[in-house]
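I opened my notebook to get to know a new structure. Here is what I looked up, entry by entry.

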Amino acid sequence: MAKDITIPYNFELRDYQKPFWAAIQDKPADRAILVWARRHGKDKTMLNAILVQMLKRVANYYYIFPEFNQGRKALWENIDSHGFKTMDHIPLELRKRTDQQQMLIELYNGSIFQIIGASDIDRIVGTNPAGIVFSEYSLMSPNIIGFLLPIVRENKGFMWFNFTPRGDNHARTLYQQGLKSGWFVSYVTAETAGQFSEKELQEIKQEYIGLYGDERLFNQEFLCSFDEPIQGSYYGDLIAQAEEQGRVGDIHYRQEHPVHTYWDLGVGDATGIWFAQFDGARVNIIDYYEGNGKGLDHYIKVLQNKPYVYGEDRKSTRLNSSHTDISRMPSSA
């Protein structure tokens, strides 16, 4: 006797999750962004939502984490607080095969779900997904969208993003773009979700203060603040100080002054180039460029394509942070 299966399977939607669920029913939202507080069910919600699409349209669907092993721990092998395995939201009765090593599930209708690591994106460039979820997008390189967008566009598919903020980075830019472009955007903090009482949140906040000396990480993880410097970042406190002192704003290139470049040369990580102009005792940071896995010839071309007249190129000169002004929107950021 056939078993009746209700989708979402073994998943009761919370009130703040229901608008997204409604947005993916008849026609899935082409672009969707969930900016939710930590431990508020971002992946559970999107996993159940992607199953709906797999049943409606036979195709490949990818769930991308910053790293392959992160996907294994956070989703494939995850067990929730009730002892339920997260991947069991895709019922065994719908599965034709499950590949534990590749973290792949094929349904009886032919749809394929697979977890991918963003650091190994070459594995899927050239394949043909109709839907992609980017989990913890704030921890990925923003270049990943450019690699996969042509595929999704051709297939008239969808891209969904979920993350908790991690500073003022590309994820905030995506969030702002989503608001301007009319995408489905959900911004849910621990205060608005109602999963914790006010008393519980205050207790959690005090625990964070006791551990870290301030509430910044609490504001990031529970209140979804984009404005908190990343814990352990080299310049987070200095950038925050510059913001408070009004030294971050619209600073433009002045042709009468040469532009000096400051390089952070990367081998296993990114190479960063700061573009600065001296204005008396002040230093104006007017531009910034960052690349990964590129040779020196690439960076030379980047400099040549800019309209600047250059002064000195410096590898490790220390700037006086109290006399440095920073452009809010560098042209290369």
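How many salt bridges does a search of the whole structure find? I ran that search and got 16 salt bridges, where a salt bridge is a side-chain nitrogen of Lys or Arg within 4 Å of a carboxyl oxygen of Asp or Glu.

**Ground rules**

I am working with a predicted model, in which local features need pLDDT of at least 70 and side-chain atom pairs count only at pLDDT 80 or more, while totals for chains, interfaces and linings use all residues. Residues are numbered from 1 along each chain as its sequence is written, and side-chain values use heavy atoms, with hydrogens and water left out.

**Overview**

I counted 10 helices and 14 strands in the protein; helices (H or I, at least four residues) and strands (E, at least two) are DSSP runs, numbered from the N terminus. Of its 333 residues, 47% count as buried. Here buried means under 20% relative accessible area, exposed over 50%, and partly exposed in between, with a 1.4 Å probe and protein chains only. I noted an accessible surface of about 18200 Å², with 49% of it belonging to carbon and sulfur atoms; the areas come from the Shrake-Rupley method with a 1.4 Å probe, and for residues only the protein chains shown count as cover. Among contacts (heavy atoms within 4.5 Å) with a separation of 6 or more, 66% are between residues 24 or more positions apart.

**Confidence**

I checked pLDDT, the predictor's confidence in each residue, from 0 to 100. The protein averages 87, and 86% of the residues score at least 70. Over residues 316-323 the pLDDT stays under 50, and the model has 12 contacts beyond four places in sequence for them. Residues 328-333 are also below 50, with 15 contacts beyond near neighbours in sequence. Where pLDDT is low, the predicted coordinates should not be read in detail.

**Salt bridges, one by one**

I began with E136 and K42, which form a salt bridge with the closest N and O atoms 3.8 Å apart. E136 lies in the loop between β6 (129-135) and α4 (143-154) and K42 in helix α2 (residues 42-56), so the pair ties together parts that are 94 residues apart in sequence. Are these two partners buried or exposed? E136 is buried at 9% relative accessible area, and K42 is buried at 7%. I also found that R38, K42, E136 and E221 are linked in a network of salt bridges.

Next I looked at D168 and R172, whose side chains meet at 3.6 Å, N to O. D168 is exposed at 57%, whereas R172 counts as buried at 19%.

Then came D279 and R254, meeting in a salt bridge at 3.1 Å, N to O. This pair links distant parts of the chain, with D279 in strand β11 and R254 in the loop between β9 (248-249) and β10, 25 residues apart. D279 is partly exposed at 33%, and R254 is partly exposed at 33% too.

**Strand β10**

I saw that 5 of the 6 residues of β10 (residues 259-264) are buried. It is joined to β11 (residues 271-279) by 5 bridges, and the two run antiparallel; strands pair if DSSP finds at least two bridges between them. Y262 stands opposite W274 in β11.

**Aromatic rings**

I counted 25 aromatic pairs. Rings of Phe, Tyr and Trp (its six-membered ring) pair if their centres lie within 6.5 Å; planes under 30 degrees apart count as stacked, over 60 as edge-to-face and the rest as tilted. Y63 and F113 make a tilted pair, 6.0 Å centre to centre with 55° between the planes. Y63 is in strand β2 (residues 60-65) and F113 in strand β5 (residues 112-117), 50 residues apart. Y63 is buried at 0%, and F113 is buried at 0% as well.

The centres of W263 and Y299 are 6.3 Å apart and their planes are at 70°, so that pair is edge-to-face. W263 sits in strand β10 and Y299 in helix α10 (residues 296-304).
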